[in-house]
Amino acid sequence: MAKTVYKNNVKNYDKLVEMTKELVSKLTLEEKLVSMTTGYPDFERLGIKAFFCGGEAAHGVQARHDQDFDKGTPIYTTLFPCPIGMSATWDKELIYKAGETVANEARAIFNHDENSALCMWAPTVDLERDPRWGRNEEGYGEDPYLTGQMAGAYINGLAGEDENYLKCGATLKHFYANNNEDGRMTSSSNIIEKDKWEYYLEVYRQVGKYSRVEGTMAAYNAINTVPCILNHEIKDVLKEEFGISHVVTDGGGTQPIVNAYHRFDRHSETIKEGLKAGIDMFTDNKDVVYEAVKEALEKKMISEEDIDNALVNHILTTFKLGLFDDSKPYSDIDDSVLNSEKGRLLSRQIQKEATCLLKNDNSFLPLNEADFKGTDKKIFLFGPMAGLKILDWYSGITDPILTMKTALNNRLPENTVFDKNSDLCPIVKIKNKDGRYFGIKVVNNKHVLALVPKEEASEFKIMLWDNKKFTLEFTGNNKFLTTAKPIDKDTTLNTEIEDFQIFSEAEMAFGWFIREAFNFTDKDTKIIDLQDLCSDNSILNFWEDSKISSICCWNKHLLQVAENGEVIVSDTLSASAEIPENAAPEKKIAENVKHLRETSEALELTIETVKDSKTLIAEILEENNYTSNDICLGVFGTHPIINHKEDVDRENIILPVFESAVIDTLSKMVDNTLLLLESNCPLGISKEFNNEKIPAILWSATGSEELGSGILDSIFDNKSSFGRLNMTWYKDDSDLPSIMDYSISDKKRTYMFFDKAPLFPFGYGLEYSNFEYSDLKVSLEANDIDLKSLDSLVKFDDFSYPFGNPNSKFYPENNGKILVNLKVKNIGEFISDEVVEVYVRYLDEANNDNKKYPLKQLKDFRRVKNLNPGEEREITLLIPLDDIRFYCEEDKKMHVKSGKYEIMVGRSSEDIQQRTELII
């Protein structure tokens, strides 16, 4: 059958919709039913090939092909910093280019594999109102305007500049108020109307306004007790007001309405109410969805027209992508774009601008590369993150990934000190109650953990990543212990419980289940919180406490001994025949533990110190002739799989206690410690910030293939171009309410309402240079102002065409604009970027001590690039009046309020350089 051909034209939106309806009308009912899940199959009689509507591209195309539903040969793609890092650049142009690179790579893969994705489930625009959220790495910050602009730039890069065809479609995650992983399938985000409209929904209005967004993914959670996929704001607000017409459920998000929420008895009822709310595609088990839609139709709970309407919204995107067009758009993009040198250089530049300088006492930085080359001066590189290759769950894969160790060795090979113990992970031996030790035996060419005589005992590096989880790395092959089977490395979603061997085969800690992380248990098998057990001093030897009895793995199953001496993971469902099948999981574990204790299979462990961190530091310094002229660079932080990820929230915001103790020890043993924190979330580092022996602190998100080289560019480059924080960094957990409390204004969340002193404010970040702001002028202009006449105005659409959603109604009221003019002068000694931030505050009622209005709100920003020392530039920024609307209780709508406003321009939300007032 000849291929169905439709000439696409995005400029004629109504015609595009009509063509989509015509195609849907040609489908049989059976074809419609099978198309209600993730994409549609081949329709041979129409000459239409299957289309899978959904791929991951948070910071690069995810083409690892390592999960059960997606097994295949991995494809190397460009990896940018995680979104929280990309957003820290405050550089829309660079992020647009990142999106453009991702789209090119997605098209290249699609051009030789039409089953690959062109409609990406990215970016994540969940507002990060709580820094403990496990998926913090995926978001763009706590502010709706910054997120809208930065995520919008990424979306427009994905979409491309062709006026007729999308290069790649973007689907926003997750609609909405989705900031907790614990209980996410059943929890309710309870929100007052003011916070809903001014904060949570505002980001969707912003993205709808500034970008060519294609769709949205509904969140797992409920909003005010209504599960998101049943929330009629999808239809009434997201679609009809913001013009984002294609909405899908989250992966596996259909069945929980019956199985977890117990909202209905049958999945067909979920389909009925989901379609009513505006869901177009049910991303779940295809057989379950098929049967549920079929049943709903047969019982006349829905009509065929309801299915047609959903499919039109779904298939409309494929028209925009040009998949039914005989011209084959973008077919000339080939594999040469995959992980290209151009992409790598862009990732390096973004990494450089994403790195934030948090402290720089006495201008400790930049370092001069010439001071090292050809001299005896050394850089001692320390810390568990220094040489560790890490991936996050939505990361792609590539080679090489430049850690700080690799990058520094490439740059200053003769001056870099990093030996096998520079990660400062203590070295231990593990002894069982019967006198045998943990040892690695080679069985069938695999390194298997077993109990062995003392003389055959193996040594392991132990690393405590938070208060509970630790890893063990066999020093014989530098690989982690894992319960993952070597044949598949276990990045699958398999939850089947079985006996596992333990292998020393993992190159890195990675997987949906964290099979490389273990916990200590006491004699009652309770997992030990080591922060409660250890003092600040003893945390350096946390493994030595007498209360530690045994070890359990990721699924809370204890380690035990098999008859052949191998250490395995106990099967708590079968170890004791006396456990009733219907017993609660906790009961099964407890009974199994009792059974193990009564047999010789049980492990009762003591851990012997070979070398602790302090000893390792001393040995490295002595062996490499450390002098006070040398530099020590400590690389610490949090692991994006072990510490926090999808399905795993952080329990607190502090820097992991063991790492903090090692940093403190290191700073006492050397003269100056340059501290680099690699983390995808804010950290409570008051102790480190106030440590006078640590003159400089840098922060960077992970994720970039050029992480090490980009950060070194910042450390050594006399041209200063650092990032700015996109989240408030609080001093400690006492500044935060419960993670389940979604109040913003009432609980004083984010910089907009937080009225205490933060550790670092939103928008904070140092440069090597200093700046002077002057001549602030603010005026209210009509809508018909000629923006092209303003030479100093750099607007979002200068590098994204076309922009905006043709179906959006984002200007319901006022159309005036506030123009903000000022001068910025570099009064320092370095060529430098400067990020100019504009904040607005409504004064009239705020001055009367009415706390319902924000202390300030970001409403525009500009990254001013390459200001020479002594150079002054005039900057013009623009604020549409509709971007400063507030929710009014009287008519339940958003309005621009008349009255007095304060316009503030500065270097962060707290460092305001110029301010003036404006009457609207």
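What you have is a predicted model, where local features need pLDDT of at least 70 and side-chain atom pairs count only at pLDDT 80 or more, while totals for chains, interfaces and linings use all residues. Residues are numbered from 1 along each chain as its sequence is written, and side-chain values use heavy atoms, with hydrogens and water left out.

Start with the open sheet of three strands, which runs in the order β27-β28-β31 with antiparallel pairing. Its edge strands are β27 and β31 (872–880), each pairing on one side only. From one strand to the next, the twist averages 20°. Strands here are DSSP runs of E, at least two residues, numbered from the N terminus, and two of them pair if DSSP finds at least two bridges between them. β27 and β28 (residues 817–826) pair over nine bridges, and Ser 774 stands opposite Lys 823 in β28.

Now look at Leu 776, which sits in β27 (residues 771–781). Leu 776 is buried, at a relative accessible area of 16% (buried means under 20%, with a 1.4 Å probe and protein chains only). Beyond its neighbours within four places in sequence, Leu 776 contacts residues including Val 820, Leu 822, Ile 903 and Val 905 (contact means heavy atoms within 4.5 Å).

On to the cysteines. A disulfide is a pair of cysteine sulfur atoms within 2.5 Å, and the count comes to zero. Cys 53 is in no disulfide, with the nearest cysteine sulfur, that of Cys 119, 3.9 Å away. Cys 53 is buried at 1% relative accessible area; Cys 888 is buried too, at 11%.

Note on methods: Helices (H or I, at least four residues) and strands (E, at least two) are DSSP runs, numbered from the N terminus. Buried means under 20% relative accessible area, exposed over 50%, partly exposed in between (1.4 Å probe, protein chains only). Axes are lines fitted to C-alpha atoms, for helices over the stretch in contact, and angles run from 0 to 180 degrees between N-to-C directions.
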